[in-house]
Every structure is written in structure tokens, then in C-alpha cells.
Number of protein chains: 2
Amino acid sequence: VTWDPRGSIETKRDGGTVAPDELRRLIAGYVDGTIDEGPMAAFLMACVIHGLNDDETSTMTQAFVDSGTTLLLDDVDRPVVDKHSTGGVSDGVSLIFAPLVAALGLACVKLAGRGLGHTGGTVDKLESIPGMRLDRSLDEITAQARAIGCVIASQTDELVPADGAIYALRDATATVRSVPLIAASVMAKKLAVRSDLILLDVKAGSGAFMRDTDEAAVLARTCLAIARDHDRRAVAAVTDMSQPLGDAIGNALEVSEAVAVLNGGRAGRLRDLSVELAARALCTLADVEPSAARSRAAAALDGGTAADAFRRMVEAQDGDRRVVDDPDAVLPRAPITRPLSAHRAGTLGAVDAAALGEAARALGAGRSEPGDPIDPAVGIVLTPKVGDRLEDGQPIGWIHAREEGAARAADRAVAEAISIVDGAATAPALVHRWLEEVS
Amino acid sequence: VTWDPRGSIETKRDGGTVAPDELRRLIAGYVDGTIDEGPMAAFLMACVIHGLNDDETSTMTQAFVDSGTTLLLDDVDRPVVDKHSTGGVSDGVSLIFAPLVAALGLACVKLAGRGLGHTGGTVDKLESIPGMRLDRSLDEITAQARAIGCVIASQTDELVPADGAIYALRDATATVRSVPLIAASVMAKKLAVRSDLILLDVKAGSGAFMRDTDEAAVLARTCLAIARDHDRRAVAAVTDMSQPLGDAIGNALEVSEAVAVLNGGRAGRLRDLSVELAARALCTLADVEPSAARSRAAAALDGGTAADAFRRMVEAQDGDRRVVDDPDAVLPRAPITRPLSAHRAGTLGAVDAAALGEAARALGAGRSEPGDPIDPAVGIVLTPKVGDRLEDGQPIGWIHAREEGAARAADRAVAEAISIVDGAATAPALVHRWLEEVS
């Protein structure tokens with residue numbers, strides 16, 4: 001006889017604690033098809049409403065991991081860091097971070113996902129490079145990490161298949177918004193890769209899933225507690241997503257901006273955060289002093305070694321290596337570019353990052369449903385940041401669109417998403433805080 | 001594009017009120033297959049945890065009704081009463097009530113269900129009468145109500161198909177236990193039959209779904225509020241289910257006991273409650289004084305007119321009419337009968353009705369899952385009631401079983417389910433209270 005999940009569902013429905021063995025059976029049963037969508041969805045809703053304690057969350061995370069294989073990364077002789085962002089707008093840090101830490105003597109292995117909703121996906125961005133292959137076997141990933149020190153590949157169903165199955169159900173049943181379920185989903189994918197350091201970038205602000213920094217810190221702490229329970233080293237930054245991190249929103253546009261940062265030719269928050277995170281990895285894994293680590297990271301960008309690592313990574317994954325030297329010649333370009341300008345003089349007071357993400361999605365850069373096609377070329381570039389002084393009519397960026405109507409709609413959306421104010425405005429700190437679980 | 005239910009699920013997840021149109025779309029979408037099990041189960045779990053207000057409950061009930069047709073009962077010239085029990089152990093009242101009110105000049109139309117769990121189902125009980133057909137068309141039901149004044153038939157999917165679909169999902173997802181969902185399920189089936197009076201028997205006690213009378217009264221009031229919202233007359237009794245109502249637990253055994261009551265040859269709580277409910281219907285629909293109504297109901301049992309109505313009903317539904325005069329000759333009998341006796345002298349202090357129901361189910365009288373086969377012949381007869389004085393070794397009933405091992409197991413279960421105490425014991429009142437919504 002198959003196991004009856006209803007007792008466990010009742011326990012959570014009534015606000016109780018579900019035993020470890022029951023949690024394992026629930027996850028395993030859903031993955032192997034002996035537990036249907038209905039009972040699983042009811043259980044997930046009860047989890048969203050009543051929560052999961054740290055032990056339950058840790059057990060569920062392990063059950064996710066146990067649903068698949070583990071990427072052991074044997075014989076990668078550099079210390080390996082795995083970096084994860086909870087998702088933001090114009091967050092191209094991963095594209096920069098992976099080759100940057102490789103240039104600093106570490107290795108970065110990152111299994112990434114596709115975008116959904118208003119946030120972009122690292123896989124979608126890299127796929128805008130002609131020829132670039134993100135579907136890599138576990139052996140290929142290990143070999144590339146050994147040879148080049150950085151690899152970004154698609155999530156594979158060999159690792160943590162339970163997460164994909166359960167995330168799809170959560171997406172369909174309005175059960176996404178739950179700190180323990182989000183933490184279990186994030187951390188299962190990190191635990192399944194045997195890195196030496198898990199570096200989490202938890203976004204907080206209007207463009208992020210977590211709207212305020214306290215909420216983001218709770219998610220970060222939950223993730224760190226899972227890491228500690230599994231004897232894995234992890235650090236987490238809560239960083240600002242109250243405005244887009246970089247200037248570009250859209251897949252090829254974000255690759256182009258990342259390449260500019262990698263070539264040392266672009267200052268700003270995207271570079272600053274990339275340096276900050278890479279320096280933290282270097283401090284933790286190579287015992288380098290923070291200020292020295294930051295200097296070395298900046299030097300790797302300015303001296304071309306990070307760009308070299310990116311070039312090797314693209315080449316190893318069959319992408320067009322010329323993207324590093326002449327991105328405009330290689331990356332897809334939208335037929336219509338429409339300039340954006342400030343509608344009045346003043347200070348840029350706020351940018352609604354989520355609204356800009358939605359506007360880019362409407363242009364075709366993102367998805368409403370998993371599996372929707374995307375247009376790699378389209379998007380928005382908005383150059384001013386909060387606090388910048390603008391003149392009336394000053395150029396502030398570009399819409400890249402497939403059609404005139406879509407371009408006009410995006411123009412209106414951008415105008416609504418930014419507010420220009422009299423007086424001064426100050427952007428929040430880039431990094432709100434660093435968290436580390438000390439056991 | 002199909003409607004996306006996630007906004008409504010989120011509203012209930014977060015404890016809000018779901019708009020009428022959204023509730024209608026959820027129910028209709030689940031019935032027509034455009035909304036999957038997962039989203040519906042998540043929504044139901046949120047309803048169980050956060051509840052539904054009266055307006056939501058009423059709207060959901062109407063959405064259930066709107067999923068099917070309505071039984072109009074055109075040209076039935078007697079006042080029609082529809083009776084429903086929330087389910088108990090040895091609750092054969094419907095078998096008696098329908099012919100009894102027919103004998104009193106009213107009509108009773110009852111669409112009944114099968115048993116699940118420890119409580120019996122009226123359809124299962126009547127199907128133990130050889131030849132008896134419970135699957136009747138709506139036209140046949142109306143014609144029989146007109147001709148004979150009583151009809152008990154199976155629930156049909158023409159009426160309230162949403163209820164069957166959603167109940168099955170609730171059963172699978174641990175979302176049964178919710179007063180508004182139970183009330184919507186009960187009342188949708190009552191609203192879909194155009195009776196003049198809805199008479200609800202809400203059971204409270206160890207053998208019922210609602211363990212205490214206050215909880216049962218809340219369910220009763222919720223049902224009455226739905227009736228009021230739909231301009232339907234309804235009354236509700238909260239009655240005792242702290243011990244089995246009659247002596248018999250098991251399908252043919254309960255028919256045999258009901259026949260004994262209908263023939264005027266059996267006193268006790270089963271008769272008393274049948275008289276009480278029939279008298280209430282007569283008071284309400286025919287403006288008869290309570291004491292006169294009770295006398296007329298008792299006389300119909302003692303004078304044979306109720307038995308006549310039952311005989312006509314059985315005959316009209318192709319059952320063997322001899323069941324009224326010689327039930328033992330007609331009803332299936334189990335091969336093994338094992339006497340039960342008191343294990344000590346004292347007063348019968350308590351009977352765990354749910355445990356006896358489970359013991360009868362284990363004998364084969366009931367189901368664990370919908371669709372399981374049942375054995376019509378098996379069951380338990382326990383004659384003493386709480387407060388009765390027992391001698392050591394005194395015969396107290398019989399096990400009717402298919403196999404010796406099962407009979408022994410049932411014997412042990414009965415011994416554990418009853419407690420014989422020193423000193424006195426008093427049974428709770430048969431009817432705790434009557435409720436009527438006065439608008």
C-alpha cells in the first residue's frame with residue numbers, strides 16, 4: 001500500500017510540526033508520482049500560511065537534494081565558490097562575478113535558471129551570445145571548472161529534480177511567497193553542488209521579491225541556517241534593489257553592459273557590487289584582507305584578466321568570443337531604438353525597478369509563463385541613478401524594441417516608473433549588510 | 001485566454017475576502033476542467049485555515065447549485081420536506097422519516113449518499129433490500145413523490161456536480177474539516193431540490209463529525225444562513241451522537257431495525273428522534289401543534305400507515321416488499337453470528353460510537369475509500385444504552401461477520417468501545433436544541 005499523506009497535511013493545516021520522515025515521503029512521493037498535485041498543493045498552502053520551522057526547512061531542503069545527484073567537482077584544485085542572487089532588475093553580476101573570481105585564482109561554478117516575471121535569468125542573458133551553449137553535462141562542468149576556473153550552465157534535472165517540479169506547482173497555486181519554501185528551493189540547488197563557499201546575494205527593494213531589508217535578512221538567515229545544518233560554508237549579502245542595479249534591462253543589452261564592466265570601462269553600482277562580492281569570496285576562501293581583496297578584484301577588471309577569463313568561458317561553451325571585444329558586432333540588435341529623455345529638470349528621486357522590469361518583459365525580454373519565448377535583443381537602457389541631477393529633455397537612455405507600438409508603450413512605462421523631484425535624493429546603500437552564520 | 005485563479009487564491013491565502021464573481025469562476029473552472037487540482041486544492045486549504053464569511057459561503061453554495069440542474073418537483077401537491085443528517089452511527093432515521101411524513105400527508109424527497117469512514121450511508125442501507133433501485137431519474141423521483149409521497153434516491157451528477165468533484169478533492173487533500181465548506185456542500189444539495197422545508201439533523205458527539213454541541217450549532221447556523229440567503233425555509237436540530245442512535249450498525253441490520261420501528265414494535269432513541277423530526281416537519285408545514293404532531297407521528301408508526309408508505313416506496317423502487325413483514329427472510333444474513341456479553345456488572349457509562357462504527361467498517365460494513373465494495377450483511381447490534389444497568393455476562397448484542405477472525409476482532413473492539421462503571425450514568429438529551437433562522 002502506498003503511504004497516505006493526509007495525516008501530514010492535517011498536521012501542517014492545524015499549525016503543527018511535520019516529522020522529518022513524513023516530509024521526506026511527501027517530497028519523494030510527489031517526485032515519483034505517488035502523491036498527486038492536489039495533496040501537494042494543499043500541503044504547500046498550509047506551509048505558506050503556517051510556516052516551517054528551521055528543522056522542517058532543513059529536512060525539506062535535504063529531501064530536495066536527495067531527489068537527484070550531486071555535482072562533486074572532483075579534482076577542481078582551486079577553492080570553488082557558488083554564487084546566487086534572489087533576482088533583481090538589471091542584475092548582471094553573475095556574468096561578471098564568475099570570470100572575475102576565476103581571474104583571482106578561485107573557481108566559480110554556477111548553475112543558473114531562466115527568467116520569469118519581471119526579473120531576468122542568467123541563462124537567457126548568456127544565450128544571447130551566438131553559439132553559446134548553456135546545457136552542459138556534469139562532466140563538462142567539472143572539466144571546465146578545472147581548466148578555466150569558471151562555468152555558468154543551465155540547471156539540469158539530474159540535480160534537484162524535486163525543486164523544478166515543486167516550483168512549477170507553487171507557481172500555479174499562489175504558494176511561491178514563503179520564506180522557508182524559497183530558502184529550501186535556493187539552498188537545495190546550492191547544496192547539490194559541492195562548492196567550498198555559497199555566496200548569496202539577497203535583494204531587497206521595489207525590484208526584488210523581498211520588498212524590505214528586514215524581510216530579506218530573514219530569508220538570508222534562513223538560508224544560512226540550512227547551510228550550517230549541512231556543514232556548508234555560506235555568506236549572504238542583503239543588497240539594494242530599490243532601483244535597477246545596472247543601466248541595461250534585457251538579455252543582450254545586459255551582456256553588453258557586463259562586457260563593458262569586465263573590460264574595466266564602466267564604473268557604477270554593477271561594477272561596485274561585483275567587486276564587493278568577489279572580494280568577499282577572496283577574503284573567505286583565500287584569507288585575503290578585505291581592502292587587498294577589493295584592490296585585486298578592481299585590478300582584475302582594469303587589467304583585462306577578468307575579461308580574459310570571460311572570453312575563455314564563452315569559447316569553452318561554443319559562444320562567439322568576439323563578444324568580449326566587439327559586443328555590438330556579435331549580439332542581436334533590435335530594429336528600433338528610441339531615445340529616452342527627462343520630462344523635467346530636477347533630481348532623479350526614485351526608479352520603480354519592478355515597473356521597468358515589467359516594461360522590458362512587455363517588450364519581449366521576459367516571460368509571463370515558463371516556456372514562453374523571449375526576444376534577446378529588446379529592452380531598456382536607463383543611465384541615471386537615484387540622486388543624479390537631470391536637465392529638462394536630457395537624454396537618459398534608450399528603448400530597444402521590435403515594433404514602434406511596443407516602443408511607445410515602453411516609453412510611457414519608463415516615464416511613469418521614474419520620478420524627478422525638486423531638492424536632493426539619496427540612493428540606499430548598495431550593500432545593506434553582510435550575514436554569516438557562525439556555528 | 002482563460003482566467004487566472006492565482007489572484008483569488010492569494011486573496012484567501014492572505015486572509016482576505018474573495019469576490020463573488022471570482023468564487024463563481026473558481027468553482028465553474030474546476031468543474032469544466034480549466035482549473036487544475038493543484039490550484040483548487042491550494043484554494044481549499046486556504047479556505048480551511050482562514051475560513052469563509054457568510055457571503056462567501058452563500059456564493060460558493062450557489063456556485064455549486066449552478067453547476068447542475070434543479071429538481072423542481074412540479075405538481076407534487078403535498079408540502080415537500082427534505083431531510084439531511086450530517087452523519088452518525090446507527091442513524092437510520094431517514095429510512096423511517098421519509099415514509100412516516102408521507103403517512104402524515106407530507107411528501108419527503110431525499111437524495112442520499114453512500115457511506116464513507118465510520119458513518120453509514122442511506123443508499124448503502126437501502127441497497128441491502130433485494131432488487132431495490134436507488135438510481136432514479138429526476139422524472140421518476142418527481143412521479144414517485146406525487147404518487148406515494150416518499151422517495152429516497154441516490155445523489156445524481158445532474159444535480160450539483162461541483163459538490164462531488166470538490167468533495168473528492170477535499171477528501172484527498174485533508175481539507176474536509178471546515179464549517180463553511182461542509183455547509184456549502186450540504187446546502188447546495190438541499191437548494192438544488194425545490195422542497196418547502198429543509199430539515200437538518202446536525203449530529204454532535206463522539207460518533208459525529210462535530211464532537212461538541214457548540215461546534216454543531218455553528219454548522220447548523222451556517223447552513224440556516226445559507227437557506228435564508230436563498231429564501232428557503234429551514235430548521236435544524238442539534239442531536240446527540242455520543243452513543244449509537246439505534247442498536248444496529250451495518251446496512252441490512254439497520255434496515256431490519258428501521259422496519260421494526262416502522263411497524264411500531266420498537267421503542268427507543270431511534271424511534272423517538274424519528275417522531276421528533278417528523279412532528280417538527282408537520283408543525284412547520286401543516287401548522288399542527290407540537291403535541292398533536294407528535295401524537296400523530298406515533299400513531300402512524302403504531303397504526304401501520306408509516307409501514308404501508310415504506311412498503312409502497314420499496315415496491316415503487318423495485319425492492320422486495322416482503323422486507324416490511326419478514327425482513328429476516330429477505331435481507332442478506334452473515335454466516336457467523338457471535339453473541340456479545342457484558343464483561344462485568346455495572347452501569348453502561350459510555351459507548352464510543354466512532355469506535356463501533358470503525359469496528360463495523362472493519363467487518364466490511366463500510367468503506368475506507370470511495371468506491372470500495374461493502375458487505376451488506378455484516379455489522380454489530382448493541383442493545384443497551386448509556387445508563388442501563390448490566391449484570392456480569394448479560395447478553396448485550398451480536399456480531400454479524402463473514403469470518404471468525406473478523407468476528408473475534410470486532411468482539412474485542414466492542415469490549416474496548418464500551419465502559420461499564422459503578423454508580424449511575426446519564427445519557428445526554430436526544431435533541432440538544434432546535435435552531436431556526438428568523439429573517
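In this predicted model, R177(A) lies over the face of F209(A), 4.3 Å from the ring centre. A charge counts as over a ring if NZ of Lys or CZ of Arg is within 6 Å of the ring centre and within 35 degrees of the ring normal. Here are two such pairs:

| Charge | Ring | Distance to ring centre |
|---|---|---|
| R177(A) | F209(A) | 4.3 Å |
| R280(A) | W434(A) | 4.6 Å |

Now to helix 8 of chain A, residues 161-172; helices are DSSP runs of H or I with at least four residues, numbered from the N terminus. Its twelve residues reach 17 Å from first C-alpha to last, close to the 16 Å expected at 1.5 Å times one less than the number of residues. After helix 8 comes A174(A), with a positive phi near 55 degrees.

How do the two chains relate? Chain B can be laid on chain A with an RMSD of 0.0 Å by a turn of 180 degrees and a shift of 0.0 Å along the axis, using least squares on C-alpha atoms of residues with pLDDT of at least 70 in both. The two copies are therefore related as by a two-fold rotation axis. The same surface serves both: 100% of the contact residues of chain B (heavy atoms within 4.5 Å) recur in chain A.

Residues are numbered from 1 along each chain as its sequence is written, while chains are lettered from A and ligands numbered from 1 in the order written. Local features need pLDDT of at least 70, side-chain atom pairs count only at pLDDT 80 or more, totals for chains, interfaces and linings use all residues, and side-chain values use heavy atoms, leaving out hydrogens and water.

Methods:
Helix = DSSP H or I, 4+ residues; strand = E, 2+ residues; numbered from the N terminus.
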